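Morning, everyone. Please have a look at the structure on the screen before I start.

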Amino acid sequence: MRADFKINRSTRRGTRRRAVPMLRTVPLPVLVGGSALALTGAIGLWQVLPGQITPTVGAGHGRGMSQVGAFDNARAGWSAEEILGHYYPGAEFGQIGQTTIGVRLQAQDDATLDTFAAAGAQVAGRWIGPNEAAHLTPLPDGGASVVVTSGCDGEVLWQAATDDPFVYPVDAGPGRPADEHLTLCGGTAYRGALGVALENGAFRTVNQVDLDDYLAGLLPAEMQANWADQGAFEALRAQAIAARSYALAENRYAYAQTCDTTDCQVYPGTVKEDARTTEAVAATAGTVLLRDGLILRTEYSAAPDGGRPADIETFAVGPAPDELVETAPAPAAPSEPTRPDPTIEALAGESAIDTEYRRIGGPESTIGAPIGPEMLLPQRAGTYRMYTNGVIIATKTLGAQVVDFSTLLQLVPDVADQLPPSASADSDSPEGVAPQGVTPGGQTPLAPGEQAPGTPGGQAQSAPGWQAPTDQIPAGQVPAESVPSEQVPVPPAPVA
């Protein structure tokens with residue numbers, strides 16, 4: 001089995017391989033006996049009433065630990081270690097460091113990822129505000145098309161293409177509060193990061209999550225949390241160790257190690273989280289089962305008659321503890337997206353473009369020195385100004401934003417002969433083609449001190465029927481070579 005095993009690697013950039021030392025291995029006690037409940041069970045689906053356990057659906061497969069037997073033996077005074085020793089004779093305990101896993105969310109198959117967080121989030125190297133939604137569609141190159149809207153169904157705020165196809169919480173650490181969890185539009189919430197991938201052309205959604213955060217959502221879906229109130233807390237501890245080992249020994253997909261259904265282990269996100277099962281996860285932190293130094297794929301079920309000891313030689317194994325990749329769900333680049341400087345305010349008579357230019361560093365910024373006056377966009381829908389290495393555009397919807405020359409050509413095709421030599425590599429948009437609702441030509445320089453129509457400070461009012469420039473650029477077709485993201489204005493950062 002070992003020769004065929006391949007450790008799943010995260011598709012995100014910025015992960016690093018770190019050795020996680022195995023602290024010790026201790027043979028599990030081999031136990032026999034114990035009175036197991038003679039009930040037909042199903043994997044992790046139970047109704048627990050005072051003084052009884054009632055299975056809700058079907059029978060378990062009977063391999064490995066019986067959850068019914070674990071409950072019964074825990075009430076009889078067995079420890080989690082004794083329970084596991086009974087069901088996996090010959091296995092050893094091992095210890096791992098903090099790590100993350102990727103989980104395929106099967107209910108999301110063939111759908112775009114639409115998600116938001118009450119505290120805001122990060123995507124494509126930028127902050128998005130509280131309850132602003134990110135909509136990701138996977139691209140063949142491994143990246144994603146990103147559209148950010150006001151709420152799940154609101155107006156488009158901005159869109160781009162990114163080579164990092166994940167949405168990240170405002171803080172990458174484990175155990176974060178609920179307002180930082182990423183919530184699917186119309187669905188449940190998840191800890192960690194949510195991203196997209198392609199599998200043979202089909203859309204997939206992935207939850208990249210700290211392992212114990214994953215177990216906090218999984219455990220109460222596999223065992224009832226109130227078993228802790230019926231003298232069976234040790235069964236919850238045993239389940240936490242078995243589930244941790246099973247997940248780490250999985251290697252199902254190129255983009256994720258495991259899945260979220262009974263095909264793997266039941267994982268509904270945060271919806272069932274309970275302090276009692278979370279305590280069981282914390283009480284077993286890092287503990288796994290090993291066979292010959294490799295993490296054991298500890299199968300389990302709600303088997304009738306309490307189950308029987310397993311032949312662990314028939315179970316698959318995963319990596320050794322020191323082969324795990326220790327990571328945390330965090331932005332690939334930049335590690336800390338640029339936030340607007342709140343101390344920079346518009347000066348009297350200063351246009352929105354001039355304020356933005358001053359904010360990003362003026363002539364010392366990456367867009368360089370100005371090469372012409374501020375000009376009106378077609379239909380007086382906003383203003384723009386060209387610089388040596390880029391353009392700043394100001395509209396009612398966008399505010400002031402740095403774009404590249406290709407985007408300017410989509411808006412004002414007949415400005416091509418005015419572009420600097422540095423723009424030639426970026427100017428890949430077909431000349432003479434303007435977005436819907438924008439008429440070529442008509443750009444007019446502003447007179448000194450003149451404000452663009454509609455808003456104070458030179459920020460233009462949109463003409464009737466006109467939409468913001470990026471609203472007209474199809475997702476995934478935003479030029480890839482734009483001004484570096486640290487120069488792009490972003491919404492105010494959410495308060496973590």
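Predicted model: local features only at pLDDT ≥ 70, side-chain atom pairs only at ≥ 80, totals over all residues.

Disulfides first. There are two in the structure. Counting bonded cysteines along the chain, the pattern is 1-2, 3-4.

Take Cys-152 and Cys-185. Their sulfurs sit 2.0 Å apart. The S-S torsion is about -85 degrees, so this disulfide is left-handed. It ties together distant parts of the chain, 33 residues apart. Cys-152 lies in the loop between strands S11 and S12, and Cys-185 in the loop between S14 and S15. Cys-152 is partly exposed, at 25% relative accessibility. Cys-185 is partly exposed too, at 24%.

Now Cys-259 and Cys-264, also bonded at 2.0 Å. Here the torsion is about 110 degrees, so the disulfide is right-handed. Cys-259 is buried at 0%, and Cys-264 is buried at 8%.

Next, helix H3, residues 211-222. It spans 16 Å from first C-alpha to last, close to the expected 16 Å. At its start, a side-chain oxygen of Asp-210 comes within 3.1 Å of the backbone nitrogen of Asp-212.

Last, the sheet. Four strands run in the order S22-S23-S24-S25, open and antiparallel. S22 and S25 are the edges; each has a single partner strand, so one side of each lacks a neighbour in the sheet. S24 and S25 pair over five bridges. In that pair, Ile-392 faces Val-402. Helix H6 packs on this sheet, touching S23, S24 and S25. Its direction makes about 40 degrees with that of S23.

Technical notes:
Residues numbered from 1 in each chain as written. Heavy atoms only, no water. Pairing = 2+ DSSP bridges. Helix = DSSP H or I, 4+ residues; strand = E, 2+ residues; numbered from the N terminus. Contact = heavy atoms within 4.5 Å. Axes fitted to C-alpha atoms, helices over the stretch in contact; angles between N-to-C directions. Expected span 1.5 Å × (residues − 1). Polar contact = N/O pair within 3.5 Å; in protein donor to acceptor, adjacent residues only side chain to side chain. Disulfide = S-S within 2.5 Å. Buried < 20%, exposed > 50% of the residue type's maximum accessible area, 1.4 Å probe, protein only.
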